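Please look over the model below before reading the points.

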Amino acid sequence: MQTIYAMHQSGSDNLEKQEKFLTASLENILDLYLIMLSTLTEIRKKEIDYIEISKKKHLATPEERNPNLRFINNPIFNGLEESNSFSIALENRKINNWQINDDTILMLLQVVKQSELYVNYMAKKTVTFEEERFFIADLFSDIIAPNEKLYSYLEDFKLTWVDDIPVVNTQILKQLKQFSKEEDFRIAPLYKDIEDRDFASSLFRKTVLNEDKLTKEFVDKTPNWDLERIAELDTIILKMAICEFLNFPSIPVKVTINEYLELAKEYSTPKSSIFINGILDNLVKDFQANNKIKKSGRGLI
């Protein structure tokens, strides 16, 4: 949707250039995922450095000479550090953000150690693996992910990440909650399969190359609206939804409608979702009556 909107705004008709930008934006989600996940391992490394420096102080306190190591020995931290999948991905994607900007990690570590979550965790006499796991999950969801300075850094680093941050954080939190001491941690794949990988490019191309045809499908369904009066994002959303109805047999009609209504609520005008819902409902009835929608497999559900 955003790529098509950008094409309209720029007046560009360079399909290949825009498709490359779309593909690159999707690939960059993996970098965001790795950067967010590595905040955990880098925070641990900074705490290890702090402990070692404190031990060597000339007038070190008893607590500094014999520190509580529960935080840095957390098995989830260790599992991430020992994950070949994680380390290879960081190397392959050349993720070194926190080595270059370690002030962000130092800031996060300070916020963590001042939190009630950390204080209570460190004060416990004993902890189970489940408690260790949920501590890290809560640390990520309650302290790291919502941090405004971290968010600002990510936004400044790559503007296209603004919409991807919630998706990435949800995936990481899911993995942390499911962390197992019996299995090695593995990086989540960017795509489920080849079909998933090709979907965005296919939807983009089929929408852009058939915009006039797709527009004709809904223009007569808006008798009280001139096409010029309809918000541009709304027309793009309608065309993409119609494209899915007619060209993607594995996607159920209800799924398409729900997805595009969410896009309208998030990005378009306050009344857009109601307007789009009405148009799509009428179109589906017409398409089904004329046997234009042909769904198969999971698309039948």
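**Notes on the model**

1. Start with Q18. Leaving out residues up to four places away in sequence, Q18 touches T3, M7, S12 and F204. Contact here means heavy atoms within 4.5 Å. Q18 sits in helix α2, residues 15-55. Helices are DSSP runs of H or I with at least four residues, numbered from the N terminus. Q18 counts as buried because its relative accessibility is 12%. The cut-offs are under 20% relative accessible area for buried, over 50% for exposed, and partly exposed in between, with a 1.4 Å probe and protein chains only.

2. A word on the basis. This is a predicted model, in which local features need pLDDT of at least 70, side-chain atom pairs count only at pLDDT 80 or more, and totals for chains, interfaces and linings use all residues. Residues are numbered from 1 along each chain as its sequence is written, and side-chain values use heavy atoms, with hydrogens and water left out.

3. Now helix α1 against helix α12. Two packed helices are described by the angle between their axes and the distance between the axes. Helix α12 covers residues 194-208, and its axis lies 10 Å from that of α1, at an angle of about 40°. Axes are lines fitted to C-alpha atoms, for helices over the stretch in contact, and angles run from 0 to 180 degrees between N-to-C directions. The pair is therefore oblique. Angles under 35 degrees count as roughly parallel, over 145 as roughly antiparallel, 65 to 115 as roughly perpendicular, and the rest as oblique. The crossing of α1 and α12 is right-handed, a term used when the near helix is turned clockwise from the far one by less than a right angle.

4. Which residues of α1 and α12 meet? From α1 come T3, I4 and M7; from α12 come F204, T207 and V208. The contact of α1 with α12 divides into 4 nonpolar, 2 polar and no charged residues. Nonpolar covers Ala, Val, Leu, Ile, Met, Phe, Trp, Tyr, Cys and Pro; charged covers Asp, Glu, Lys and Arg; the others, Gly among them, are polar. T3, M7 and F204 are also among the residues that Q18 touches.

5. Helix α1 (residues 2-10) has another partner, helix α14 (residues 232-247). Their axes come within 10 Å and cross at roughly 130°. That angle makes α1 oblique to α14. The crossing of α1 and α14 is right-handed. I4, Y5, H8 and Q9 of α1 meet E232, L233, I236, K239 and M240 of α14. The residues of this contact are 5 nonpolar, 2 polar and 2 charged.

6. T39 is also in helix α2. Is T39 buried or exposed? T39 is buried, at 0% relative accessibility. Beyond residues up to four places away in sequence, T39 touches W98, I105, L108, F140 and I144. T39 and E130 are 91 residues apart along the chain, and their C-alpha atoms are separated by 21 Å.

7. L109 belongs to helix α7. L109 is buried, with a relative accessible area of 6%. Apart from neighbours within four places in sequence, L109 contacts I43, K46, E47 and F71. From L109 to E244 is 135 residues in sequence and 46 Å in space, C-alpha to C-alpha.

8. Turn to charge. Side chains of opposite charge can pair when their charged atoms come close. The model has 13 salt bridges, each a side-chain nitrogen of Lys or Arg within 4 Å of a carboxyl oxygen of Asp or Glu. One of them joins K46 and D102, with the closest N and O atoms 3.2 Å apart. K46 lies in α2 and D102 in helix α7 (residues 102-113), so this pair ties together parts 56 residues apart in sequence. D102 is partly exposed, at 28%.

9. K292 and E217 form another salt bridge, 3.0 Å from N to O. K292 lies in the segment after α16 (272-289) and E217 in helix α13 (residues 211-219), so the pair ties together parts 75 residues apart in sequence. K292 is partly exposed at 35% relative accessibility, whereas E217 is buried at 15%.

10. E262 and K265 meet in a salt bridge, 3.7 Å from N to O. Both lie in helix α15 (residues 253-267), 3 residues apart, about one turn of the helix. E262 is partly exposed at 47%, and K265 is exposed at 54%.

How values were computed. Helix = DSSP H or I, 4+ residues; strand = E, 2+ residues; numbered from the N terminus.
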